[in-house]
Amino acid sequence: GVEFESVDTGWIAMADTIETAQENLLQHLQTFHAEHPIKLFAPRSILVSSDQSPRLGPYVERRLAKAGTIRVVNDQIAMTAHDPDAALTTIQRNRMAEIEGQIKDGGTLPPSLGTILQETDDHDLLALLVAEQKVVPLINVGLNQQVVFHAQNIAQAVQNLRHTFPPPTSFTTGQARAVLQTSRKFIVPLLEYFDATGVTHRQGDMRQMAAPEY
């Protein structure tokens, strides 16, 4: 007999069809990883095949993700086994260290992405630094710009603020900017990041450092 599976509310598909869709997805993914070994993820758009039901793709994805075969983050997909770090050449590794160094040396006035990202692989190398949590990307909403800080510099900034404004001392954005010797372009996304991660508590125009967790 033919086996069916429920794909979506009110939708069923033959087990064979599902099997084929699953094989196609994995095949596409493996090909993409082989062609772009240092990219963390493949864009979902490369996996969407025109000849299959639009409900089948998401079902197969969920199934593979649940099985732990693939990882899905927003519109990006990767084989769980894919290890871009292992694929780095010595040149790429050195370049990655160079990018990390530039960001780290920038302290609380890191260089702009336009300055850092010069070579073909730089975007992917930066993405790996972010994935390894060495670099933290922040958005300056007002300027609609992404800025990147080194994780150690962020940790240092938190210590400096705690030292200067021990809780429950309040401080303004301007005071924080002066203490961290940075500019408005960077202090705003930095403080918003601290608000979001619970490092600071914001009340109107004032902030306080959260009590450190020991």
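A residue is called buried when its relative accessible area is under 20%, exposed when over 50%, and partly exposed in between (1.4 Å probe, protein chains only). This tour concerns a predicted model, in which local features need pLDDT of at least 70 and side-chain atom pairs count only at pLDDT 80 or more, while totals for chains, interfaces and linings use all residues. Residues are numbered from 1 along each chain as its sequence is written, and side-chain values use heavy atoms, with hydrogens and water left out.

**Stop 1: the start of the chain**

Select Val2, Phe4, Ile12 and Met14. Together these residues make up a nonpolar surface patch with about 410 Å² of accessible area. Patches consist of residues with over 30% relative accessible area and no salt bridge, like charges being joined within 9 Å and nonpolar side chains (Val, Leu, Ile, Met, Phe, Trp, Tyr) within 5 Å. The areas come from the Shrake-Rupley method with a 1.4 Å probe, and for residues only the protein chains shown count as cover. Valine 2 belongs to the segment before β1 (4-8); helices (H or I, at least four residues) and strands (E, at least two) are DSSP runs, numbered from the N terminus. Valine 2 counts as exposed because its relative accessibility is 55%.

**Stop 2: the sheet β3-β5-β4**

Next, select β3, β5 and β4. In that order the three strands form an open sheet with antiparallel pairing, where two strands pair if DSSP finds at least two bridges between them. β3 (42-43) and β4 (70-73) are the edges; each has a single partner strand, so one side of each has no neighbour in the sheet. Four antiparallel bridges join β4 to β5 (residues 76-79). To locate this pairing, select isoleucine 70, whose bridge partner in β5 is methionine 79.

Contact here means heavy atoms within 4.5 Å; axes are lines fitted to C-alpha atoms, for helices over the stretch in contact, and angles run from 0 to 180 degrees between N-to-C directions.

**Stop 3**

Side chains of opposite charge can pair when their charged atoms come close. A salt bridge is taken as a side-chain nitrogen of Lys or Arg within 4 Å of a carboxyl oxygen of Asp or Glu, and by this rule the count comes to 11. In the bridge between lysine 39 and aspartate 124, the closest N and O atoms are 3.1 Å apart. Lysine 39 lies in the loop between α1 and β3 and aspartate 124 in helix α6 (residues 122-131), so the pair ties together parts 85 residues apart in sequence. Lysine 39 is partly exposed, at 27% relative accessibility, whereas aspartate 124 is buried, at 15%.

**Stop 4**

Select arginine 95, in helix α4 (residues 90-105). What does arginine 95 touch, not counting residues up to four places away in sequence? Its contacts are Ile116, Gln118, Glu119, Asp122 and Leu125. At 9% relative accessibility, arginine 95 counts as buried. Aspartate 122 forms a salt bridge with arginine 95, with the closest N and O atoms 2.6 Å apart. Aspartate 122 is in helix α6 and arginine 95 in helix α4, so this pair ties together parts 27 residues apart in sequence.

Remain on α6, where Asp122, Asp124, Leu125, Leu126, Leu128 and Leu129 are buried. The cover over the buried residues of α6 includes α3 (84-87), α4, α5 (113-116), β6 (135-140) and β7 (145-150). Just after α6, select glutamine 133, which takes a positive phi of about 60°.

**Stop 5: the sheet β8-β10-β9**

Finally, select β8, β10 and β9. These three strands form an open antiparallel sheet in that order. The edge strands, β8 (170-171) and β9 (200-203), each pair on one side only. Strand β10 (residues 206-209) pairs with β9 over four antiparallel bridges, and methionine 209 in β10 is the bridge partner of threonine 200.

Within β10, select arginine 207. Aspartate 195 forms a salt bridge with arginine 207, the closest N and O atoms being 2.7 Å apart. The pair links helix α9 (residues 184-196), which holds aspartate 195, to strand β10, which holds arginine 207, across 12 residues. Aspartate 195 is partly exposed, at 23% relative accessibility, while arginine 207 is buried, at 4%.
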